[in-house]
Amino acid sequence: MKKVLKLTLVVACTMLSTSLFAQKFGRINSQEIVTNMNEFKEAQTQIQAYAKDLDAQLETIGVEFNTKLQEFQQSADTLGDAMKQLKEKELNDLQTRYQEFQQMAGSDMQKKQMELLQPIQQKCIDAINEVAKAGGYVVIFDLAAGSLAYIDETATTDISAEVKAKLGIQ
């Protein structure tokens with residue numbers, strides 16, 4: 001009985017270890033893939049145009065503030081106290097509006113980036129999944145995620161070329 005149990009255990013261990021070695025592991029740098037996609041380049045152009053528009057609006061507020069500040073500084077000696085307080089309040093309101101717009105612009109910029117980049121990243125993930133399933137890979141390590149401290153490149157296969165081909169990237 002003990003011999004049968006030992007023999008079964010040895011066979012099970014041997015089968016387990018050989019099945020582990022038969023599994024395929026792959027690696028990819030998804031960031032490299034995404035940045036080479038045409039959609040990413042188009043999104044970057046849209047993001048830059050959006051940022052330029054926000055900067056122009058911010059600059060308009062800044063120019064308005066500087067103009068009113070110069071006017072105030074030139075006429076401060078001739079203004080009465082009530083008018084001086086009114087102009088100071090107007091300058092403070094403009095400065096507050098500038099700061100609030102700056103914060104909203106940053107938030108809007110992040111939303112725009114997510115809106116444009118998320119579908120591109122999802123398309124890359126879908127392509128990776130298709131290539132991995134078709135190639136019979138058990139695990140694909142994403143080097144862009146930075147979750148690996150060490151990788152033996154001889155033990156894994158880089159599927160970047162296949163994913164690029166799947167996405168039509170040269």
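**Ground rules.** I'm working from a predicted model, where local features need pLDDT of at least 70, side-chain atom pairs count only at pLDDT 80 or more, and totals for chains, interfaces and linings use all residues. Residues are numbered from 1 along each chain as its sequence is written, and side-chain values use heavy atoms, with hydrogens and water left out.

**Rings.** I looked for aromatic pairs, taking rings of Phe, Tyr and Trp (its six-membered ring) with centres within 6.5 Å. The count came to one pair. I found the ring centres of F25 and F141 6.4 Å apart with planes at 20°, so I logged the pair as stacked (planes under 30 degrees apart are stacked, over 60 edge-to-face, the rest tilted).

F25 is partly exposed at 27%, and F141 is partly exposed at 25%.

**Charges over rings.** I counted a charge as over a ring if NZ of Lys or CZ of Arg is within 6 Å of the ring centre and within 35 degrees of the ring normal. K24 sits over the face of Y137, 4.5 Å from the ring centre. K112 does likewise with Y50, at 5.3 Å.

**Salt bridges.** How many salt bridges does the structure hold? I got seven, with a Lys or Arg side-chain nitrogen within 4 Å of an Asp or Glu carboxyl oxygen as the test.

- K123 meets E39 at 2.4 Å, N to O. This one links K123 in helix α4 (residues 81-135) to E39 in helix α3 (residues 38-75), 84 residues apart. K123 is partly exposed at 36%, as is E39 at 28%.
- K112, the lysine over Y50, also bridges to E115 at 3.7 Å, N to O. The two are three residues apart in helix α4, so about one helical turn separates them. E115 is exposed at 52%, whereas K112 is partly exposed at 22%.
- E130 bridges to K166, with the closest N and O atoms 2.8 Å apart. I placed E130 in helix α4 and K166 in helix α5 (residues 160-167), 36 residues apart. E130 comes out partly exposed at 42%, and K166 partly exposed at 48%.

Note on methods:
Buried < 20%, exposed > 50% of the residue type's maximum accessible area, 1.4 Å probe, protein only. Helix = DSSP H or I, 4+ residues; strand = E, 2+ residues; numbered from the N terminus.
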